[in-house]
Amino acid sequence: MKIVMLGAPGAGKGTQAKMIAEKYTIPHISTGDIFRANIKEGTPLGLEAKSYMDQGKLVPDELTVKILLDRVSKDDCKNGYVLDGFPRTIPQANVLKEALAKQNDKIDFAINVDVPDENIVRRMSGRRACVTCGATYHIEHVPPKTEGICDKCGSALILRDDDKPDTVLNRLKVYHDQTQPLIDFYNNEGILKEVDGTIDVKDVFESITKILG
Ligand code: AP5
Ligand code: MG
């Protein structure tokens, strides 16, 4: 099963993608997590990506597409995957579609997690992320068992550099300009599914599992 998660920054794509990956035993692939891992390790890719991410801009398609296609060609992707944060532009969606078509394959579901802009800024300022394993929490809605510590790996939780309110507003603008058109793109492909992302995390997941079966 191949799934694409759509939604604004902070809509809960990562939260839901992790739960989907666990239930259906497929890898969770987040281009944002891949970039952040590279930033942490100080690789050339990380340095380049950081210059865009810190301003809330998109990393150029050419770079992002190469990384994603490398990742989905790995053995663990044979039975499918859930993509979180990719594609983010129409050109990225077209490259993915063409690469899959060459193998007589396609994306099965594009799930749009719908959350209005008003909720987003509030959500982002409360998010805490684990620098080591990428797990995400929210100080009110999804708190860790011990404040500031990751439940899964015991590392410190941080506020992401790009979660400052000004950067979040830029990310939202970029989302509306460049990523939202993917809703129509996947609707035209006949695989778009919408879920309400404003309800409780567990209830959002229940709507998704009803769709995926
Ligand atoms: P990326 O890491 O993908 O960030 P994003 O799309 O901005 O999305 P987020 O990770 O911020 O939000 P999310 O939807 O995963 O929400 P989450 O589950 O954490 O990308 C970062 C940057 O990398 C981009 O800006 C860009 O520069 C670059 N990049 C990445 N991919 C790229 C690409 N393909 N092309 C070009 N550039 C790319 O949830 C948010 C918070 O809300 C959490 O605190 C969570 O606990 C809480 N929450 C979740 N669900 C609920 C709920 N139902 N109720 C209450 N709280 C909830
Ligand atoms: Mg995320």
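Colleague: Which element gives the largest share of the shell around ligand 1?
Modeller: H2, with four residues; helices (H or I, at least four residues) and strands (E, at least two) are DSSP runs, numbered from the N terminus. This is a predicted model, where local features need pLDDT of at least 70, side-chain atom pairs count only at pLDDT 80 or more, and totals for chains, interfaces and linings use all residues. Residues are numbered from 1 along each chain, and side-chain values use heavy atoms, without hydrogens and water.

Colleague: Which residues come nearest to ligand 1?
Modeller: Thr15, Lys57, Arg88, Arg127 and Arg171, out of 37 around ligand 1, counting a residue if one of its heavy atoms lies within 4 Å.

Colleague: And what lies 2.5 Å from an oxygen atom of ligand 1?
Modeller: A polar backbone atom of Lys57. For Arg36, a polar side-chain atom lies 2.9 Å from a ligand 1 oxygen; polar contacts are pairs of N or O atoms within 3.5 Å. The protein covers 97% of the 1,000 Å² of accessible area that ligand 1 has on its own (Shrake-Rupley method, 1.4 Å probe).

Colleague: Switching to strand E1: buried or exposed?
Modeller: Five of the five residues, 2–6, are buried, so E1 is largely enclosed by the rest of the structure. Buried means under 20% relative accessible area (1.4 Å probe, protein chains only). Lys2, Val4 and Leu6 cover one side, Ile3 and Met5 the other, and all are buried.

Technical notes
Chains are lettered from A and ligands numbered from 1 in the order in which they are written. Buried means under 20% relative accessible area, exposed over 50%, partly exposed in between (1.4 Å probe, protein chains only). A polar contact is a pair of N or O atoms within 3.5 Å; within protein, one must be able to donate a hydrogen and the other to accept it, and residues adjacent in sequence count only if both atoms are side-chain atoms.
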